[in-house]
Amino acid sequence: MWEELRLQVFFLCLGAALWSAAAAATHRGSGPRERGHRRHLSLHRHRERGKEGQVLHRSKRGWVWNQFFVIEEYTGPDPVLVGRLHSDVDSGNGNIKYILSGEGAGTIFVIDDKTGNIHATKTLDREEQAQYTLTAQAVARDTNKPLEPPSEFIVKVQDINDNPPEFLHGPYYARVAEMSNVGTSVIKVTATDADDPTYGNSARLVYSILQGQPYFSVEPQTGIIRTALPNMDREARQEYDVVIQAKDMGGHMGGLSGTTQVKITLTDVNDNPPKFAQGVYAMAVSEDKVPGEEVGRLKARDPDLAENGLVDYRILEGDGMNFFEITKDSETQEAVVKLKKPVDFETKRSYTLKVEASNPHVDPRFATWGPYKDTTIVKISVEDADEPPTFMAPSYNFEVEENAPAGTLVGRVHAKDTDIMNNPVRYMIPRYTDLEEFFTINTEDGIIKTTRPLDREAQSWHNISVSAAEIGGHHQDAKVRVNIKVKDVNDNAPEFATQNEVLVCENVSPGKLIETVSATDKDEMAHRQHFHFRLAPEVANNHSFSLKDNRDSTASIFVIRKGFSRLSQDVYHLPIEINDNGVPPLSSTNTLIIRVCSCDSKDTILSCNVEPFILSAGLSTGALIAILACIVILLAIVVLFVALRRQKKEPLIVFEEEDIRENIITYDDEGGGEEDTEAFDIATLQNPDGANGFLPRKDIKPELQYPMRPGLRPIGNKRYVSLLMFVGSYRFEVMDVDHRETWIC
């Protein structure tokens with residue numbers, strides 16, 4: 001670098017010397033105004049005569065100057081001479097002193113105060129400061145009095161190529177689609193140079209590619225990187241490392257340079273069709289697999305990425321199109337072959353499918369490169385499995401008559417082993433389908449029989465299951481539904497459809513229709529089944545009612561007598577015999593209840609209640625008077641008893657603290673009237689203790705004869721009274737348990 005710098009300084013000094021010689025020649029042949037061009041400053045005065053002959057003295061700036069230049073980065077042993085200041089008033093006797101002030105004066109720039117020579121004492125860098133502004137002035141050395149006004153001038157730092165180009169934003173990353181045309185723009189790189197772009201070629205850059213050929217190129221002036229090779233395939237190579245150089249001095253020898261790296265990635269396009277790895281795929285499926293289960297997988301590989309690499313699958317043709325289907329695993333992009341319908345090894349042992357794989361998204365730019373699809377053959381073999389037996393029918397329907405004896409044949413189910421071994425089959429009825437065990441099955445031949453008579457009216461259908469399992473197999477069984485209908489037999493006699501009473505007025509007229517009866521039968525009614533009615537033989541000749549069979553399974557009841565009396569008979573029972581036309585025919589006798597009611601003149605029923613008439617017939621007026629008399633006597637006895645207690649000034653009912661409930665004496669023998677007064681001593685009954693010589697004392701409280709029961713509490717100072725009454729031939733006995741007194745009425 002310093003060799004280049006010294007060379008540049010040499011050329012600049014040579015140019016400056018030639019320029020100085022030309023300037024000196026010009027100065028010698030020019031007036032005072034041209035003196036001091038470039039590197040020399042001068043100061044002078046002159047006089048002018050006025051229009052009227054008066055001499056005018058005009059003081060004028062004597063500085064004639066231009067810009068000074070100094071080369072940057074100069075590293076010579078001596079200070080660099082920048083220029084020289086000179087005033088016209090300077091006669092060379094040393095009386096004038098030159099002064100320099102401004103930017104860098106005294107530090108960077110120094111001046112010889114006698115000669116006016118300015119030198120740069122330090123190395124200058126244009127990139128740090130491109131120019132300096134200074135002020136020059138000439139003063140008297142002894143008095144420091146200014147001889148001329150101060151004047152500014154500029155010292156420019158002349159640029160040299162000392163800064164290489166730099167890529168401030170590197171390294172770069174770029175993407176370009178694969179298969180792009182030649183010249184496709186990839187990215188633009190830019191370098192900067194700190195040197196002066198207005199001076200020389202120090203900052204004029206030229207770009208070139210150092211690494212990345214022949215795939216890419218770069219425009220020398222703009223730095224735009226473009227593709228240089230056609231049909232670059234991402235699947236062959238995806239990334240490229242490119243090195244770009246920027247060189248100043250217009251790219252000529254001696255210029256400085258800088259480099260940057262550019263990583264270029266090829267992006268994917270759909271330029272590859274899917275491809276199966278094999279022309280034929282072999283798969284196997286067991287015959288015991290159920291629809292929806294996976295049979296196998298295959299995959300067509302597409303090296304493209306994302307949606308460009310998506311693959312769809314479908315079955316084009318084959319004898320297995322109805323038994324198999326194909327789906328896609330979205331994560332692995334595999335074709336999944338699944339069972340669509342059950343297969344049977346004994347029926348067909350192999351199937352063939354033709355499968356196509358295709359891209360759903362085709363780039364129209366590369367459509368002519370197609371077709372973007374591929375096909376393969378899938379051969380599926382069916383494997384034998386130990387299957388359960390198979391019934392010959394999906395379900396069975398049998399009929400059996402009700403009331404048929406036990407052991408009656410219902411029907412037969414049949415199943416067989418479809419495997420190659422063809423093992424024998426064992427049958428059974430699962431108990432949970434026939435909880436009451438109405439049926440049994442022969443384990444070898446599948447014949448179903450009844451275990452007892454069946455009643456259609458209790459259960460008309462029996463739905464059971466029959467299972468069949470191989471003997472010596474892997475305990476696999478098959479089940480079939482068996483529906484057994486119980487056929488109806490005429491085993492139920494007919495009966496009235498309703499059991500309502502028939503109401504008839506007392507004053508009903510003979511021949512009046514009072515009721516139409518119908519019948520029902522629990523048996524299954526046939527379309528032409530009819531009921532016939534007639535009166536039971538025991539009432540066939542009654543004089544109150546008659547029956548007419550209407551021959552439409554109904555009968556009419558008529559009155560054949562004039563009027564009824566509720567007092568003599570209020571309810572009539574009319575037995576009617578009902579016959580059906582079943583096989584065998586059955587009959588039953590049902591009783592029709594007819595109640596006599598009181599009606600008005602318009603045959604409106606007023607009352608059918610019989611209690612008032614029964615009371616009138618059962619009790620006479622005298623009986624009612626006797627009952628009332630007994631009630632009065634009883635009330636008189638109670639009043640008498642109360643009066644006696646008040647005379648003795650004792651409470652009507654005495655409650656003791658002791659439990660005296662066990663002291664109550666009861667009698668349940670039949671009284672004899674006056675004989676009782678003769679057979680018993682009334683005084684003894686009134687005072688039973690006196691018979692034993694014990695006379696109760698009135699001044700003390702009697703002791704409790706029986707202990708108090710646990711858990712009972714005394715109830716104050718009160719006593720109990722027991723009252724026994726016998727109505728009719730029974731006696732009335734009132735007993736005072738405190739005083740042991742008894743009254744018998």
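Modeller: A residue is buried when its relative accessible area is under 20%, exposed when over 50%, and partly exposed in between, using a 1.4 Å probe and counting protein chains only. Keep in mind that this is a predicted model, where local features need pLDDT of at least 70, side-chain atom pairs count only at pLDDT 80 or more, and totals for chains, interfaces and linings use all residues. Residues are numbered from 1 along each chain as its sequence is written, and side-chain values use heavy atoms, leaving out hydrogens and water.

Biologist: What share of the chain's residues is buried?

Modeller: Use the cut-off of under 20% relative accessible area. Out of 745 residues in the chain, the buried share is 36%.

Biologist: Which strand pairs with β16 in the antiparallel sense?

Modeller: Two strands pair if DSSP finds at least two bridges between them. Strand β16 covers residues 239-247, and its Lys-247 stands opposite Ser-257. There are 9 bridges in this antiparallel pairing, and the partner is β17.

Biologist: Which strand runs parallel to β17?

Modeller: Look at residues 257-267, which make up β17. Its Thr-267 is the bridge partner of Ala-177. The parallel strand covers residues 172-177, is joined by 6 bridges, and is called β11.

Biologist: Over in β35, which residue stands opposite Glu-401?

Modeller: Strand β35 (residues 477-487) runs parallel to β28 (residues 395-401), with 7 bridges joining them. On the antiparallel side, β34 (residues 461-470) pairs with β35 over 9 bridges. Opposite Glu-401 you find Lys-487.

Biologist: How many aromatic pairs does the structure hold?

Modeller: Rings of Phe, Tyr and Trp (its six-membered ring) pair if their centres lie within 6.5 Å; planes under 30 degrees apart are stacked, over 60 edge-to-face, and the rest tilted. The number of pairs is 16.

Biologist: What is the centre to centre distance between Phe-109 and Tyr-132?

Modeller: Phe-109 sits in strand β7 (residues 109-111) and Tyr-132 in strand β9 (residues 131-140), so the pair ties together parts that are 23 residues apart in sequence. Both residues are buried. The pair is edge-to-face, with 75 degrees between the planes and a centre to centre distance of 5.3 Å.

Biologist: Which residues does Trp-369 contact, leaving aside neighbours within four places in sequence?

Modeller: Trp-369 is found in the loop between β25 (350-358) and β26 (373-383). With a relative accessible area of 42%, Trp-369 is partly exposed. Its C-alpha atom is 7.5 Å from that of a residue 98 residues away along the chain, Asp-271. Contact means heavy atoms within 4.5 Å, and the contacts are Met-179 and Asp-271.

Methods:
Helix = DSSP H or I, 4+ residues; strand = E, 2+ residues; numbered from the N terminus.
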